[in-house]
Amino acid sequence: MEAPTLVSHERSVLIVDSSSESREVLATALERRGCRILTASRPDQGLELAQRHQPDVIVLDLEVSNQSPEELCSPFARPSDLPSPRLVVLGSVRNSADVSAAGEIVAKPYHYAPLIRKIEELLEAATSGQASPA
């Protein structure tokens, strides 16, 4: 008799970035690592996807909107009643405790390899049920 197969949680990442090139590079790299990828070029699209699919990690580029970083990040930090997804904010944020508390900040210009490693760390924490790494 065969042992039952365990169903593993498929790790998911939402990328909200107005740059199609950035979305494509990140999506390709993360898909190769076994992640399910959702992408959006506008914050409203991203928020709808976040609410519908509840991704483990959300990558949010601040240049996707003219809103303040706090206004843009706030709805993504808690898109549902479920535990907060891990948020990776791309861009420059000055002295914003709200944005820092919402997630990891990766300053621009950034290199893809360290960004992907950061996303993988957050995915690992999300799928193992741990708090976000410091």
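Colleague: Is glutamate 121 buried, exposed or partly exposed?
Modeller: Glutamate 121 counts as partly exposed, at 40% relative accessibility. Keep in mind that this is a predicted model.

Colleague: Which residue does glutamate 121 form a salt bridge with?
Modeller: With lysine 118. The closest N and O atoms are 3.2 Å apart.

Colleague: And how are glutamate 121 and lysine 118 placed in helix H5?
Modeller: They sit 3 residues apart in helix H5, so about one helical turn separates them.

Colleague: Is lysine 118 buried or exposed?
Modeller: Buried. Lysine 118 has a relative accessible area of 18%, and the cut-off for buried is under 20%.

Colleague: How many salt bridges does a search of the whole structure find?
Modeller: The search turns up 8. One of them joins the side chains of arginine 52 and glutamate 48, at 2.4 Å from N to O.

Colleague: How far apart are arginine 52 and glutamate 48 in helix H2?
Modeller: They are 4 residues apart in helix H2, which covers residues 43-53, so again the separation is about one helical turn. Glutamate 48 is partly exposed, with 44% relative accessibility.

Colleague: Which residues are linked with Lys108 in a network of salt bridges?
Modeller: Asp61 and Glu63.

Colleague: Now the overall fold. How many helices and strands are there?
Modeller: The protein has 5 helices and 5 strands. Along the sequence the pattern reads β-α-β-α-β-α-β-α-β-α.

Colleague: What share of the residues is buried?
Modeller: 42% of the 134 residues count as buried.

Colleague: And the surface? What does the accessible area come to?
Modeller: About 7,900 Å². Carbon and sulfur atoms account for 47% of that.

Colleague: Last one. Among contacts between residues at least 6 apart in sequence, what percentage joins residues at least 24 apart?
Modeller: That figure is 62%.

Notes. Residues are numbered from 1 along each chain as its sequence is written. This is a predicted model: local features need pLDDT of at least 70, side-chain atom pairs count only at pLDDT 80 or more; totals for chains, interfaces and linings use all residues. Side-chain values use heavy atoms; hydrogens and water are left out. A salt bridge is a side-chain nitrogen of Lys or Arg within 4 Å of a carboxyl oxygen of Asp or Glu. Helices (H or I, at least four residues) and strands (E, at least two) are DSSP runs, numbered from the N terminus. Buried means under 20% relative accessible area, exposed over 50%, partly exposed in between (1.4 Å probe, protein chains only). Contact means heavy atoms within 4.5 Å. Accessible areas come from the Shrake-Rupley method with a 1.4 Å probe; for residues, only the protein chains shown count as cover.
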